[in-house]
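Hello,

Here is the structure for you to look over. My notes follow below it.

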Amino acid sequence: MATINKQMSIGEVLDIDRTTAPIMMEYGMHCMGCPFSMMETLEMGCAAHGTDADELVNRLNEYLANKEDQ
């Protein structure tokens, strides 16, 4: 399993698992179709939307770990 970190781009995270999109949307990242957002890091996206990048990274990693366990 890949480990997500806040320096990864939104595009990289989606390449790992597209089903992470709803979690990112909960953190204000509704513009995932935008070409720039695919290169934007999770940290940059969270800063732009006033959300906590560490919290998002933890949620994404927990989600992927739980998915892998199933």
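Is Ser-9 buried or exposed? Ser-9 is buried, at 10% relative accessible area; buried means under 20%, exposed over 50%, and partly exposed in between, with a 1.4 Å probe and protein chains only.

Before the rest, the basis. This is a predicted model: local features need pLDDT of at least 70, side-chain atom pairs count only at pLDDT 80 or more, and totals for chains, interfaces and linings use all residues. Numbering runs from 1 along each chain as its sequence is written, and side-chain values use heavy atoms, without hydrogens and water.

Back to Ser-9. It sits in the segment before helix 1 (10-16). Helices are DSSP runs of H or I, at least four residues, numbered from the N terminus. Beyond its neighbours within four places in sequence, Ser-9 is in contact (heavy atoms within 4.5 Å) with Met-38, Met-39, Glu-40 and Thr-41.

Now the core. The largest nonpolar core has 18 residues. Such a core is a set of buried Ala, Val, Leu, Ile, Met, Phe, Trp, Tyr and Cys residues joined through side-chain atoms within 4.5 Å. Residues with the most contacts inside it include Ile-4, Ile-10, Leu-56 and Leu-60. Helix 1, helix 2 (21-26), helix 3 and helix 4 (53-69) each supply at least two residues. Helix 4 gives the most, with five.

Leu-60 reaches several parts of the chain. Leaving aside neighbours within four places in sequence, Leu-60 is in contact with Ile-4, Val-13, Thr-20, Ile-23, Met-24 and Leu-42.

Last, Met-44. It lies in helix 3 (residues 42-49) and is partly exposed, at 41% relative accessibility.

Best wishes
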